[in-house]
Amino acid sequence: MTQMTRRALLGSSLAAGTTLALPTVVSPLTAHAGAPAILKPLPPEWFTDFGSNAEMRWDSVDPSARLTPQQRLFVRNHTVTPQLTRESYALEVYGDGLASPRGVTEPIRLTFAELRAMPVTRLESTHECTGNGRSFFTRQQGQQVSGTGWSLGAVGTVRWEGVRLADVLRRVGVSPEAVSVQATGLDPSYVTGGTDFGRVRRPFPIDKALDDALLAWGMNGEDLLPDHGFPLRLVLPGWVGIASIKWLGSLEVARRQLTSPWNTTWYTMTGGDYPPGSPPLSVNPVRSAWELPWGAELRAGRPVRLTGRSWSGAGAVRRVEVSVDGGRRWRPAVLDRHKRGLGWRQWSVTTVLPRGAHTLQARATDIHRRTQPLETPYNSNGYFFDAVVRHPVVVR
Ligand SMILES: Nc1nc2c(c(=O)[nH]1)N[C@H]1C(S)=C(S)[C@@H](COP(=O)(O)O)O[C@H]1N2
Ligand SMILES: [Mo]
């Protein structure tokens, strides 16, 4: 979405100093001048490279691996990955929602070592960008939308390790009148269309903060990679990816509803039949993907075992039905044993296909009976494409 020039990057690094002090970035100028937006390798067999965003290719997914390896997880950067260190890192907490209110200039500071020494929580969740599947608004529904043209690979299921935000808030002391928490990242300010929107930041309700929100330093038993938020990121399980602020610099706790462009202008539904002022998007919808190339070639006349995965931001997937004849007949897929939690479910179907061009479809339903429609209502930013994707294959 953002094609930043070197000049723009330099500009935003300098402008960053005007919003919040930036003590933890290792020399913003040398770190960003001409540097790639994403630091980890993006081999083309694993990723589609969109510059500051990189999509996991579903045809590269190992059907025997339940978790997405961190090296293969999609990346979504508004600007560039900053290079931070644990030693100079500190989380700043402030706001009038603290038991003893504090202004932005007098925050409570928690070092990495202090946070790391707190009780450890591990949880598995599906991590997904709000715009995942966006390209299908155009490919499948003929609609023009703006944003990165993701297929279905802006998603992964990972095991996070960190400290519960509830534990951190209890430690610093929160007022019973607190309603809203705003997380701000340490990456450079986001500049687009000539406007500097400041640091990437998004508020969320105190209820989510006190429920399952995590401040994570690890993924799948490893330290976070720089691209995924090292040394510490927020994770709001089941919620839109933007809610999980990377390189977490500060948390403001407030007694009033906080806002940012990331919950009023973006990551809210606009256009189509959506009324102005639609609420910020939170829980991810239900989606499914086949672990196959687009237009995969399959063998005719003998049983083939096809695999895929389905997920929901609200809870486990309970049922997956598949059609291999363009939607005339649907039958249940065989599901894995993961009946609980926010991780995805793997499934398979064994079928004999006749020669010719065919369309595969998968439709999941979660434990709350949320399911996938055949068409997703249009919105101008192409969020939440949750319709059943028509996946073409050729049988020879
Ligand atoms: N600080 C910061 N946090 C961020 C972003 C960002 O650009 N800056 N991108 C958000 C978006 S839109 C998504 S989908 C996820 C992507 O997380 P990942 O790159 O670790 O997969 O991070 C979110 N958190
Ligand atoms: Mo996202």
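Modeller: Domain bounds here come from an automatic or database domain assignment. This is a predicted model, in which local features need pLDDT of at least 70, side-chain atom pairs count only at pLDDT 80 or more, and totals for chains, interfaces and linings use all residues. Residues are numbered from 1 along each chain as its sequence is written, and side-chain values use heavy atoms, with hydrogens and water left out.

Colleague: What distance separates the centres of domain 1 and domain 2?

Modeller: The assignment gives domain 1 as 1-282 and domain 2 as 286-395. Across contacts (heavy atoms within 4.5 Å), 44 residues of domain 1 meet 34 residues of domain 2. Taken over C-alpha atoms, the separation of the two centres is 28 Å.

Colleague: Which residue has a polar side-chain atom 2.7 Å from an oxygen atom of ligand 1?

Modeller: Ligand 1 is surrounded by 20 residues, counted as near if a heavy atom lies within 4 Å. An oxygen atom of ligand 1 is 3.0 Å from a polar backbone atom of Arg76, and an oxygen atom of the ligand is 2.9 Å from an N or O atom in the side chain of His127. The residue at 2.7 Å is Arg233.

Colleague: How much of the area that ligand 1 exposes when taken alone does the protein bury?

Modeller: Arg233 places a polar side-chain atom 2.7 Å from a ligand oxygen. Taken alone, ligand 1 exposes 530 Å² (accessible area by the Shrake-Rupley method with a 1.4 Å probe). The share of this that the protein buries is 100%.

How values were computed
Chains are lettered from A and ligands numbered from 1 in the order in which they are written. A polar contact is a pair of N or O atoms within 3.5 Å; within protein, one must be able to donate a hydrogen and the other to accept it, and residues adjacent in sequence count only if both atoms are side-chain atoms.
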